[in-house]
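Okay, everyone, let's get going.

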Amino acid sequence: MSVESTAKHPIPAGFEDALAKPADYTRLYDESIRDPQGFWGREAKRIDWITPFTKVKDTDFTMGQVSIKWFEDGALNASVNCIDRHLADRADQTAIIFEPDDPKSPARHITYAELSDKVNRFANVLLSQGVMRGDRVVIYLPMIPEAAYAMLACARIGAVHSVVFAGFSPDALSNRVNDCGAKLVITADTAPRGGRRTNLKSNADAALLHCSEKVRCLVVKHTGDQTTWIDGRDVDVLKLMEEVSPECPPRPMGAEDPLFILYTSGSTGRPKGVVHTTGGYLVYAAMTHEYVFDYKDGDIFWCTADVGWVTGHSYIVYGPLANGATTLMFEGVPTYPDAGRFWDVCDKHKVTQFYTAPTAIRALMGQGPEWVDKHDLSSLRILGTVGEPINPEAWVWYDQHVGKGRCPIVDTWWQTETGGHMITSLPGAIEAKPGSATLPFFGVKPEVLDAASGQIIEGNGVEGVLAIADSWPGQMRTLWGDHDRFMEAYFQQYPGYYFTGDGCRRDQDGYYWITGRVDDVINVSGHRMGTAEVESALVAHEKVAEAAVVGYPHQIKGQGIYAYVTLMNGIQPSDDLRRELEGWVRNEIGPIAKPDLIQWAPGLPKTRSGKIMRRILRKIAEDDFGSLGDTSTLADPGVVDELIENRMNRA
Ligand code: WTA
């Protein structure tokens, strides 16, 4: 199918009364840029404040003194905004629909009244374990309602949660527990997914061997499977919840008190602990959820992300619940028990907004449209995508087979660091273009910079790197315990701007097209991964002397992981060793980091100063041997020929 990538796709009929219409977008956007104080001062009233703020914005992007504060002297509680304030009108409305992995198990509908009861009790359990305001709590849970209860319970008492994706290995978990100095870890016995069970508790046990012995472990007995139990350290949360009081007074928190830490990959070193604070984050998550998904009372909102990623934080938990919405949590995978599961769930629960990643769309597209066609998708109103650029073919398939041409698609570009959507279309206001994230959200000032000089590139029809010129309320405030690294990572390269790490194009209509990361971060199935993390896992293996990892185009995953591995002297490459290394990386980081391709590399292309030339490795991985660029600075140019030859022979 040939796809015209630059034509605008008209807004489907039925969106004439959307929350934002075309003229509203222009008017509100202009106002948000002209008068951020007035604009955000008004918008922040969408959430309830215990002490109203008098200051709106106090932000400085100057390298060396970066400081970001919003609504600084206000006080609020995030759990009150997500629960208590809805009780008068919505006590019996469903807050969370829980759809279990096994479609034969009944779905659960948790009302706002029940959510309140559970979160209050959970908060009292945390208090009973000595968790205090400002303490860190690591949440290592699968996609079950207790994950949301745990997050909101932390917010209620002012503890800072750090959710670690349940697919991460014990090592990854212990690193995060230690980095943030968590007082306790919340996990579950086992996690059903796609008909199989992961033993989360034993992962947590393994992780805790490398943590202070003071760290407690709260266990949600979700499946009832047998696990080990260490008396004095392990606590049965569900049992304790029955014993404690159903009332826990919310703690008033400063707008700039941390709400959560979320670890994400950077181009160098260990994962970074991105810190989000309470007021600005909540205003931004709630507002983007309402505008971008044209959220209306009675809608059933489904974001398929995992709560272990920022998308789950902002668009399963905080945004929807702050808006009093019904949010769906799905424990399973798109292909279990068959490739129609997503559509079965949409049909069963009459989902109105469906938000997923391009990789899932591509995978399901490959299974054929019949899986979609057999379900009634007439409840769907809006479709969304996030996590990576969507190829126009997948966009068109999504539009035609899932949306039947009548649902606007919002392609939302944003990052863990941004807290919420930054560049995205709006259902009734901005016409989409397949593959483009379109235009900036209110208050967001994107700039295209020349990568080398850092100069602003004005006008349309231009390409460069994407930076943001001013702060917005959902912006991260710092990296946990390392403000210097925060400034270096995001503000040093292009002084005066927040640098996103993405490349982008601004077309003739002023629409933004994200072209992917320009740093050593790769995006595998919408999961962010630092190539350095995979490399350090590989070189930790006794038979590996050196490793270099790059991304390469992958039909389903967007990018795959390509690892060049140099073995220790005397070690022979073999298929067994290849499998051993794959398993090794799985264990070190988690299944999402397993290399897709390992190429044995007798040597790696290095400059005379010893720096690996990744540019060349990327080209070889992409089978693009013709444009390797200048190789004259290499210490040993012969290495490259050898790598190309190996690459060609392996196909
Ligand atoms: C990429 C996920 C193109 C981008 C919310 C960004 C996208 C990184 C899009 C952040 C999109 C996310 N189009 N690329 N709609 N959304 N990205 O922190 O490279 O897991 O920098 O946040 O994903 O990934 P993260």
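Let's start at V539. Skipping its neighbours within four places in sequence, V539 is in contact with V544, A545, E546 and A547, where contact means heavy atoms within 4.5 Å. Before I go on, a word on what you're seeing: this is a predicted model, where local features need pLDDT of at least 70, side-chain atom pairs count only at pLDDT 80 or more, and totals for chains, interfaces and linings use all residues. Residues are numbered from 1 along each chain as its sequence is written, and side-chain values use heavy atoms, with hydrogens and water left out.

Back to V539, which sits in helix 17, residues 531–539. Helices here are DSSP runs of H or I with at least four residues, strands are E runs of at least two, and both are numbered from the N terminus. V544, one of those contacts of V539, belongs to strand 28, residues 544–554.

So which of these is buried and which is partly exposed? V539 is partly exposed, at a relative accessible area of 37%, while V544 is buried, at 2%. The cut-offs are under 20% relative accessible area for buried, over 50% for exposed, and partly exposed in between, using a 1.4 Å probe and protein chains only. V544 touches L538, V539, V565, T566, M568 and L581, again not counting residues up to four places away in sequence.

Why pick these two? In an unreviewed UniProt entry, the annotation "binding site" covers V539, H541 and V544. Do keep in mind that UniProt positions are given in the numbering used here, feature names are shortened, and annotations may be inferred rather than shown by experiment. The unreviewed entry also has the annotation "domain: AMP-binding enzyme C-terminal", covering residues 533–611. Over that stretch the chain is 27% helix and 32% strand, with the end C-alpha atoms 17 Å apart.

A salt bridge means a side-chain nitrogen of Lys or Arg within 4 Å of a carboxyl oxygen of Asp or Glu. E580 is in helix 18, residues 575–588, and K543 is in the loop between helix 17 and strand 28, so to speak a link between distant parts of the chain, 37 residues apart. Both partners are partly exposed, E580 at 37% and K543 at 25%.

Now let's zoom out. The domain assignment gives domain 1 (22–56 + 81–445 + 474–483) and domain 2 (525–646); those bounds come from an automatic or database domain assignment. The contact takes 22 residues from domain 1 and 19 residues from domain 2. Taken over C-alpha atoms, the two centres are 33 Å apart.

How much area is buried between domain 1 and domain 2? About 1400 Å², with carbon and sulfur atoms giving 47% of that. Buried area is the accessible area (1.4 Å probe) that two parts lose on being put together, summed over both. On the domain 1 side, S265, T359 and R362 lose the most area to domain 2, together 29% of what that side buries.

The rule finds 1 salt bridge across this interface. There are also 11 residue pairs in polar contact, both at pLDDT 80 or more. A polar contact is a pair of N or O atoms within 3.5 Å; within protein, one must be able to donate a hydrogen and the other to accept it, and residues adjacent in sequence count only if both atoms are side-chain atoms. Helix 7 (170–180) and helix 13 (358–365) each supply at least two residues of the domain 1 side, and helix 13 gives the most, with 3 residues.

Over the whole structure, a search finds 42 salt bridges. One of them joins E290 and R46, with the closest N and O atoms 2.7 Å apart. Because E290 lies in helix 10 (residues 279–292) and R46 in the loop between helix 2 (36–43) and strand 1 (57–60), the pair ties together parts that are 244 residues apart in sequence.

Most residues other than glycine have a negative phi, and most peptide bonds are trans. F71, though not a glycine, has a positive phi of about 55 degrees, and F71 is buried at 0%. The peptide bond from Y336 to P337 is cis, with omega near 0 degrees.
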